[in-house]
Amino acid sequence: MHRSREWNFAGRLVERLGENSALIEAASGHTIRASEIAELIVGFGAGFLSSGLRPDDRVLISCGVNPSSVLGYLGAMYAG
């Protein structure tokens, strides 16, 4: 099934991040700037694809409440 760009939430998010966007970990105050967020999401997505996964494959991701889990989840969505 062909999916449009509008379907990919993480792809739209990467495109829409403004220079003042940030991901902030509440517990530590660690801030990840917009340019880093986009790079990390794309990197996680590339990692899924380079491991042999393909769009529409199913993946189980165990997520904690931390930036890495959020970025990994968005990377999986970005990869399809």
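A pocket, as the word is used here, is an open set of grid points with protein on both sides within 12 Å along at least five of seven lines, and its lining residues have an atom within 4 Å of a point. The model on screen is predicted.

Start by colouring the chain by pLDDT. The average is 88, and 92% of the residues score at least 70. Select strand S2, residues 31–33: confidence is highest here, at 94. Then select H1, where confidence is lowest, at a mean of 89.

On the H1 side, pick Phe 9, Ala 10, Gly 11, Leu 13 and Val 14; their partners in H3 are Leu 74, Met 77 and Tyr 78. By class, this contact has 7 nonpolar residues, 1 polar and no charged.

Stay on Met 77 and move to the largest pocket. Met 77 is among the lining residues that lie nearest the pocket's centre, together with Asp 57, Val 59, Ala 76 and Gly 80.

Finally, select H1, helix H2 (34–50) and H3 together. Each supplies at least two residues of the lining, and H3 gives the most, with 4 residues. Coloured by class, the lining shows 13 nonpolar, 2 polar and 4 charged residues.

Methods:
Residues are numbered from 1 along each chain as its sequence is written. This is a predicted model: local features need pLDDT of at least 70, side-chain atom pairs count only at pLDDT 80 or more; totals for chains, interfaces and linings use all residues. Side-chain values use heavy atoms; hydrogens and water are left out. Contact means heavy atoms within 4.5 Å. Ala, Val, Leu, Ile, Met, Phe, Trp, Tyr, Cys and Pro count as nonpolar, Asp, Glu, Lys and Arg as charged, and the others, Gly among them, as polar. On a 1 Å grid over the protein atoms alone, a cavity is a set of points where a 1.4 Å probe fits but cannot get out, and a pocket is an open set with protein on both sides within 12 Å along at least five of seven lines; lining residues have an atom within 4 Å of a point. pLDDT is the predictor's confidence in each residue, from 0 to 100.
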